[in-house]
Amino acid sequence: MPEVKTDTTPAVNHAEDGPRPNIPATGFSLAHISDLHLTTLKEARCSQLLNKRMLGYFSWWRKRRHIHRSDIVEALLVDLAGVRPDHVAVTGDLTHVGLPEEFAEARQWLKSLGGPDQVTVIPGNHEAYVGSAWIRSCAMWAPYLESDTPQDIPKTAGLFPSLRIRGQIALIGLCSARASLPFLAVGSLGRQQLESLATLLRTTREQGLLRIVLIHHPPVPGTIKWRKRLVDSKSFVDVLVRHGAELVLHGHTHYPTFSEIATPGGKIPVVGAPSASELNPRSGHCAKYNIYQTGSDGQLTMSVRGYSEALGRFVAEQETTLVLPHHESGS
Ligand SMILES: [Fe+2]
């Protein structure tokens, strides 16, 4: 069994607060945002809600529409425009119940975030709220989901795993979204996607790329409640142990998480971003997103930016240095 460590608090090396930082021009910067739930269900019709979506609608009406705030989403766009990351990764749950109208609304928002060459998206469980029809709606986001270059591997939903290469960075997108029974929010990758993932990890390692894996569900067992888990997390971890990766990013929890997966090449950091739109005084959840900046000596700097209600904008919160594993290319 691989050694897996789970902790909700990443090691913090340096704390900083105040005005927006200038991200160094050198290296590559990646912003990771997740679980925005930015759509509205105001126009949803009763006929669209005669299934599990009715539960999601009530959740939106009672709670989510109050805690996922459009003004925070607006502040996020302003902050990202100031920070100017080289790329933005969005790890799912842009919608509430995955209605086609929500996919269309989210597509418009993605356009305001950036072009498909600057933004990579993977779906979350809320995109796949019921049935399999969501895959058709997901096509509305295709430019943001699909690989940059054709890959000769079998793909789930025709898209995943996706591969986007930016300089020395390989962004590998996975789809853990699937419909689940009421009161469950589980995800899975499936055997075919895991096999294709193994192929991509192997080829990108041979190319000497820094491999960042994007997945909506936390892949380390124990990070989240059983009813929200990644069902085939053990198989996923096994693939990472065999083929390595330098970083895994996920969402779904709505709170920050940090864990590690032990591999022969070292420990892979697994970092969960909270919702980037939520302000919930009851749970204490406050909108944040993370920025990763590549550096020398196999290190990666992670900067957390959180929303300040008092200032009405995002501010720098803390900076952490992640030590990445070293997997020999070509080995
Ligand atoms: Fe989720």
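Predicted model: local features only at pLDDT ≥ 70, side-chain atom pairs only at ≥ 80, totals over all residues.
- In soluble globular proteins, nonpolar side chains tend to be buried together.

**Helix 3**
- Helix 3 covers residues 100–113, a run of 14 residues, and reaches 20 Å from its first C-alpha to its last, close to the 20 Å expected at 1.5 Å a residue.
- Its buried residues are E102, F103, A106, L110 and L113.
- Viewed down the axis of helix 3, these buried residues fall within an arc of 95°, so they line one face of the helix.
- An α-helix has 3.6 residues a turn, so residues three or four places apart point the same way.
- On the other side of helix 3, Q108 and S112 are exposed.
- The packing partners of the buried residues of helix 3 are helix 2, strand 4 (87–91), strand 5 (119–122), helix 4 (134–138) and helix 5 (142–145).

**Overall fold**
- The protein chain contains 7 helices and 16 strands.
- Its radius of gyration is 18 Å, close to the 20 Å that the globule rule gives for 331 residues, so the chain is as compact as a globular protein of that length.
- Along the principal axes, the C-alpha atoms fill a box of roughly 55 × 45 × 35 Å.
- Of the 331 residues, 46% count as buried.
- Among contacts with a separation of 6 or more, 72% are between residues 24 or more positions apart.

Methods
Residues numbered from 1 in each chain as written. Helix = DSSP H or I, 4+ residues; strand = E, 2+ residues; numbered from the N terminus. Expected span 1.5 Å × (residues − 1). Buried ≥ 20, exposed ≤ 12 C-beta atoms within 10 Å, placed from the backbone. Arc of directions from axis to C-beta. Contact = placed C-beta atoms within 7 Å. Rg over C-alpha atoms; globule rule 2.2 N^0.38 Å.
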